[in-house]
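Thanks for making time this morning. I would like to walk you through one structure slowly, so please keep the sequence and the model open while I talk.

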Amino acid sequence: MTNLLLALATIIQSDTTATQSHTIDEVVVVSSNLQGAKRSIKGQTASIDEHLSELDHVSLIRRGSYALEPVVNNMSSERLSTTIDGMKIFYACTDKMDPVTSYVESGNLQSISLNSGLNGNPQSTGNIGGSLNLKLRKAGFASSPAEKSWKSAVSLGNEFNGNLQVYGADGAYSSSRFYTNIGAYYRHAGNYKAGGNRYIDFSQFQKYNIFANLGYRLAEHDIVEGTIIYDRATNVGYPALNMDVAKAEGFITSLSYRHLYDNSFLSSWETKAYYNHIVHVMDDTKRPDVEIHMDMPGDSWTTGVYSLLRANSSSHDASLNYDAYYNRAFADMTMYPGGAAPMYMVTWPDVGTLNTGIAIADNIAIGSSHSVNVSAKISFQQQQLNNDEGYNALRVFFPGMKKSYSQTTGRIAASYSFRPKDWQLSLGAGWGSRAATVTEAYGYYLNNTFDQYDYIGNPHLKNESAVELNAALKWNGIKSLSLQLDANSFFFSNYIIGTFEQRLSPMTVDAEGVKVYANLNNAKIVNTSFAADWRITRQLKWSGKLSYAIGQDDRGDNLPLISPLAFSSAVNYTADSFGAEISVKGNARQENYGSKYGETQTPAYAIVNVNAQYNFNIENSLFTIRAGVENLFDKSYTTYSDWNNIPQKGRNIYVNLTVGL
């Protein structure tokens with residue numbers, strides 16, 4: 001079930017340390033030989049979104065077939081931290097049509113790790129809901145000077161609903177002093193069909209991705225590594241929105257130096273410098289009956305550095321991290337009303353954000369059954385508005401606003417774990433704060449198609465903060481059966497959300513009105529889940545899960561995009577080189593929807609999926625064939641996180657092949 005190329009490659013020390021850290025709640029394997037982690041049933045041809053959906057605390061907001069927005073603990077981008085190999089990257093679209101996860105491909109990554117809640121990874125900032133780190137795939141060094149290896153792999157995939165085609169190729173060379181892995185991936189899809197054979201227009205996309213990783217061992221304990229990723233998506237349709245995307249382009253690069261300590265409490269010291277540039281261009285020229293044509297480009301530039309020192313002993317797994325980044329975000333809009341002069345406005349006023357912080361963490365083992373995990377971070381941030389036109393436009397609504405603002409944010413979390421023979425108990429608590437995002441503080445007349453309101457930022461927002469309480473109980477008293485119950489609660493102060501402003505008039509055609517971001521006194525989000533796994537026989541396994549969440553503002557009204565009761569159940573059969581699975585998943589009817597915030601109710605649904613996989617060898621090559629049917633009975637349905645209730649795919653047959661050479 002693993003790609004031969006990576007099953008034979010050596011994982012460098014920093015990768016092993018990161019994925020074994022006790023602060024990580026879950027790891028989903030993308031294309032490595034890590035054991036005990038979850039894997040997508042589509043393997044190497046799966047999209048990043050499909051890999052993310054394997055994580056228990058993660059759901060996805062869908063505006064089309066491409067670039068789904070991750071949600072952790074029922075909190076979206078504003079309250080999450082998403083890094084790529086520890087690098088901070090920011091989207092360039094004011095409508096969040098390009099989450100950070102959309103600028104990488106499965107072939108770039110070894111794994112995706114999730115830290116739920118406030119116990120974030122060292123580089124995370126503002127991660128009240130959680131943090132995601134997309135770990136880059138690296139071939140690693142050979143174990144001896146005489147050993148040299150060259151491996152390659154190709155991947156082909158096709159999904160018949162929407163005619164999604166995936167092509168990929170990569171290669172890796174390893175020696176004791178040098179390694180490199182390079183690759184290229186291409187995806188192309190047309191419009192898909194919802195249940196009942198209904199075409200969903202403007203759901204097409206295409207993208208390509210090329211990458212290269214290099215590593216050189218300067219000395220036995222000194223390593224230099226570099227990464228370059230170029231990702232470009234074009235002709236991306238968004239059926240839930242009134243605009244599509246002509247281009248979403250990301251250039252990501254880094255250079256790092258790592259020293260490995262030998263026979264010491266210290267294990268490694270890594271320092272990385274990085275730069276990335278994200279370009280996003282919205283497009284409405286292919287939409288019929290456009291009343292006013294608009295150009296809406298956006299740019300995000302980020303340069304940063306972090307220095308991470310790790311230490312290990314029999315009772316400690318500790319880290320100390322310093323990081324800093326500077327980001328510039330600029331977006332504007334030009335409207336072309338028929339028979340009139342073009343109208344121009346700045347929607348992100350070239351906001352420069354300088355952020356620097358120090359984080360510490362330690363997982364302390366107390367005997368064989370007890371452990372305590374503690375982590376903390378403090379960050380200092382300064383923001384400067386560099387565009388006078390955007391600044392002057394906002395100053396009309398906020399006469400006393402300044403061109404420069406400073407904030408201090410932080411987080412602290414602790415958890416206790418007790419692991420006797422047959423069960424495990426975990427209890428945790430934390431506090432964290434975040435500054436307002438560029439959109440929340442400085443956005444100017446940004447139309448939200450979810451509730452059909454124009455949004456204006458508020459530079460006077462206070463930092464949002466939250467207290468988290470969490471608990472988990474796992475029991476495996478019977479060797480073949482395990483049960484787990486977990487819950488977390490977030491109690492917010494100064495919760496940031498858009499509020500009605502009746503004194504202002506909308507600018508977007510057909511908009512319902514204007515909202516201005518404001519601080520609510522408080523809000524709460526509570527998440528619970530129950531999971532069970534039963535090993536019926538050596539070949540046969542059943543798993544199931546139930547989850548439920550509530551979210552309310554300071555008036556007791558429901559927050560939007562909070563999951564209703566969700567369930568899943570799967571039976572998996574594995575024997576030698578063959579595996580098969582049948583699963584059912586769905587949601588109950590959304591009873592507690594946020595009508596106050598423009599959300600509408602979604603009905604209950606349940607769908608059935610089946611898949612199978614077979615591995616075989618021809619000479620020295622490993623072939624892996626995967627095939628399956630999603631939504632077997634062609635159910636017409638939509639979920640609570642489908643923007644404007646756009647329907648999901650109907651019956652979808654897929655087949656893919658991976659060959660390790």
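Predicted model: local features only at pLDDT ≥ 70, side-chain atom pairs only at ≥ 80, totals over all residues.

Let me begin with Lys596, which at 28% relative accessibility counts as partly exposed, where buried means under 20% relative accessible area, exposed means over 50% and partly exposed lies in between, using a 1.4 Å probe and protein chains only. Residues are numbered from 1 along each chain as its sequence is written, and side-chain values use heavy atoms, with hydrogens and water left out.

Lys596 forms a salt bridge with Asp557, with 3.2 Å between the closest N and O atoms; the term means a side-chain nitrogen of Lys or Arg within 4 Å of a carboxyl oxygen of Asp or Glu. Lys596 sits in the loop between strands E31 and E32 and Asp557 in the loop between strands E29 and E30, so this pair ties together parts that are 39 residues apart in sequence. Strands here are DSSP runs of at least two residues, numbered from the N terminus. Asp557, at 30% relative accessibility, is partly exposed.

How many salt bridges does this rule give? The count comes to 32.

Another of them joins Glu225 and Lys138, at 3.8 Å from N to O. Because Glu225 lies in strand E15 and Lys138 in the loop between strands E8 and E9, the pair links parts that are 87 residues apart in sequence. Glu225 is buried, at 3% relative accessible area, and Lys138 is buried too, at 7%. Glu440 and Arg434 also meet in a salt bridge, at 3.0 Å from N to O, and both of these residues are buried.

Let us turn to the surface. A nonpolar patch there, with about 790 Å² of accessible area together, includes Trp423, Trp475, Phe530 and Tyr548; such patches take residues with over 30% relative accessible area and no salt bridge, joining nonpolar side chains (Val, Leu, Ile, Met, Phe, Trp, Tyr) within 5 Å, and the areas come from the Shrake-Rupley method with a 1.4 Å probe. Which strand supplies the largest share of the nonpolar patch? That is E26, with three residues. Tyr548, for its part, is found in strand E29 and is partly exposed, with a relative accessible area of 36%.

Note on methods: Helix = DSSP H or I, 4+ residues; strand = E, 2+ residues; numbered from the N terminus. Patch = residues over 30% accessible without salt bridge, like charges linked within 9 Å, V, L, I, M, F, W, Y side chains within 5 Å.
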